[in-house]
Amino acid sequence: MKRFLKITIALILTFALCVPALAGPALPQEVLTRLQDNVLEYDEIPDLIGTYNPTVIANEIGRASQAENGRSAEATANRLESMAQTYEDMAYQAEATSATQAAAYLMQAETLRTQAADHVNDYRTMELSSEKVRKDIIAETKKLFLEYYRLGKQKVFGQQELDYLNRAYTSAVTRRRYGAGTEIEELTALEALQKAQAAAVSMDASISAGYKRLITMCGWQYDSPAEIGPEPVPELSALVPADKDGDMAKALEQSLTLRSDRVLYENAKRMGGTTEEKYRKQLENDTVTVRSAFVSAYDALILKKSTYEAKAALYAVKAQELSVSAKQLSLGLISRMEYAAREYEVNSARSASENAWYDLMEAKVDYDMALDGAL
C-alpha cells in the first residue's frame, strides 16, 4: 500500500512544475522505489523528509521562487541606489516649484540609500536557511522514530506495573480483612493502581499521536496503516566521539548559521562602515554561540552514555538478584508477594535502563546533526 496523499501528490507536482530542479542531486530510481513502499525505515528519514515532507517542499518552492525572481545582494543594492538617484534628480527639479515636494523626494532618496546599504541577503542565504529547516525537521523526525519505540517499551512496563499493583491492592484488601493490614495501606495501594490505570490510557493516546506525527512528517496520510521499520541498535562504542576537537572544527565549518553569516559579512564588506562592522560582530557572536552549542551537545552525549551504563549495570545486578529470589521462593523462604515485589524492581530497573538508552540515542541525533551543519 502506497503512502501518497492526493494533497501530497499535488504539492510534488506543483513543485516539479514551478522549480526546474530540486536542490541537491536527484535520488536514484532504486532509492525512490524504496521510499515509495509502505515501510518507514530509520535510515530513510533524510530522503523521506527531503522528498515528501510538506514543510520542506513548501519551503523549497518559496526559496526557489525567490532565487528565480530575485537578484543578488549587490544587484539589489545597485537597483536601490539607482532609484535613490532618480528621486534625488526629481528633488532638484522640484526645488523651483515646491520646496515641500523637493524635501519629500530627498527623504525618499535617503530611505532607499539606507535600504541599499543594509541589503546583504541574497539567494545563498535563502538556500542556507532552507537547508537548516530541512535538517531541523530531520532531527525532529529521527527523535519521533526513537520515541515511538520508547513508548512501546514503556507500555510493556506499564502493563507489568498494572499487574503488580493490582496484586498489591488485592493483597492489601485481604490483609486488612484479616486484621493484618490497615485502611491507609489499602487506600494507598488503590491510589497507586488507579494512577497506573490512568497512565495506561494516556500511554495509548501518546503512542497514537506520536505514530501519526511520525508518518505524516514523512509523507503518509495521518490515518494510513504505515509500518514502522526496526529501530537502530548501534554498538555502544560507536556512539562515543573519537575526536572532540576535530568534530568541533567540523561543526564550526559546516554550521549553516555561520555559513550564512560568512555570506552576509562578505556582502557587507562592500558597504564598509557600520554595515560591515554589524555583520562582522554577528559572525563573531554566532561563532561563540555555535561553539558553545557543540560543547553542550558533546557533554550531553557523554553524560547520557554514563547514565545509560550506570542504569544498565543496576538492571544486571537486579536481574541476578531475582534468580536468587526465585530459589528462595521455591524453598518457601519468601512469599509470592515478596517475589512479585522483587520482580517489579527488576522490571523498573529494566525500564529505567531502556529510557536511558533512548535518551542516549536522541543525544546522538543532536550530536550528529551538529556535525552536519544544523547548528
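Visitor: Is valine 233 buried or exposed?
Guide: Valine 233 is exposed, at a relative accessible area of 62%. The model is a predicted one.

Visitor: Where is valine 233 found?
Guide: Valine 233 is in the loop between strand S2 (227-228) and H9.

Visitor: What does H9 do with H12, in terms of angle and distance?
Guide: Helix H9 (residues 244-254) packs on helix H12 (residues 336-371) at an angle of about 60°, and the axes are 7 Å apart. That angle makes H9 oblique to H12.

Visitor: Which residues meet there?
Guide: From H9 there are Asp247, Lys250, Ala251 and Gln254. They meet Tyr367, Ala370 and Leu371 in H12. By class, the contact of H9 with H12 has four nonpolar residues, one polar and two charged.

Visitor: What about H9 and H10, at what angle do the axes cross?
Guide: At roughly 50°, and the axes of H9 and H10 come within 5 Å. H9 is therefore oblique to H10.

Visitor: Which residues make that contact?
Guide: H9 contributes Leu252, Glu253 and Gln254, and H10 contributes Leu256, Leu258, Arg259 and Arg262. The residues of the contact of H9 with H10 divide into three nonpolar, one polar and three charged.

Visitor: Valine 290 next. Which helix is it in?
Guide: Valine 290 is in helix H11.

Visitor: Buried or exposed?
Guide: Valine 290 is buried, with a relative accessible area of 5%; the cut-off for buried is under 20%.

Visitor: What is valine 290 in contact with?
Guide: Leaving aside neighbours within four places in sequence, valine 290 is in contact with Ala251, Leu252, Ser255, Leu258 and Leu375. For leucine 252, 38 residues away along the chain, the C-alpha separation from valine 290 is 6.9 Å.

Visitor: Now lysine 135. Where is it, and is it buried or exposed?
Guide: Lysine 135 is in helix H7. Its relative accessibility is 7%, so lysine 135 counts as buried.

Visitor: Which residues does lysine 135 touch?
Guide: Setting aside neighbours within four places in sequence, the contacts of lysine 135 are Leu256, Met369, Asp372, Gly373 and Ala374.

Visitor: Change of topic. How many residues are in the largest nonpolar core?
Guide: The largest nonpolar core has 50 residues. Those with the most contacts inside this core are Leu40, Ile49, Phe145 and Ile228.

Visitor: Which elements give two or more residues to this core?
Guide: They are helix H3 (45-52), helix H7 (123-177), helix H8 (183-217), H9, helix H10 (256-269), helix H11 (273-330) and H12. H12 gives the most, with ten residues.

Visitor: What other core lies apart from it?
Guide: Another core, of seven residues, lies apart from the largest one. Among its members are Leu162, Tyr164, Leu193 and Ala340.

Visitor: Glutamate 81, then. Which helix is it found in?
Guide: Glutamate 81 is in helix H5 (residues 73-94). At 32% relative accessibility, glutamate 81 counts as partly exposed.

Visitor: How far apart are glutamate 81 and alanine 109 in space?
Guide: They are 8.3 Å apart, C-alpha to C-alpha, and 28 residues apart in sequence.

Visitor: Last, the whole chain. How many helices and strands are there?
Guide: The chain has twelve helices and two strands. Along the sequence the pattern is α-α-β-α-α-α-α-α-α-β-α-α-α-α.

Visitor: What share of the chain is buried?
Guide: Of the 375 residues in the chain, 36% are buried.

Visitor: And what share of the contacts join residues at least 24 apart?
Guide: That share is 78%, among contacts in the chain between residues at least 6 apart in sequence.

Technical notes. Residues numbered from 1 in each chain as written. Predicted model: local features only at pLDDT ≥ 70, side-chain atom pairs only at ≥ 80, totals over all residues. Heavy atoms only, no water. Axes fitted to C-alpha atoms, helices over the stretch in contact; angles between N-to-C directions. Helix = DSSP H or I, 4+ residues; strand = E, 2+ residues; numbered from the N terminus. Parallel < 35°, antiparallel > 145°, perpendicular 65-115°, else oblique. Contact = heavy atoms within 4.5 Å. Nonpolar A, V, L, I, M, F, W, Y, C, P; charged D, E, K, R; others polar. Core = buried A, V, L, I, M, F, W, Y, C linked by side-chain atoms within 4.5 Å. Buried < 20%, exposed > 50% of the residue type's maximum accessible area, 1.4 Å probe, protein only.
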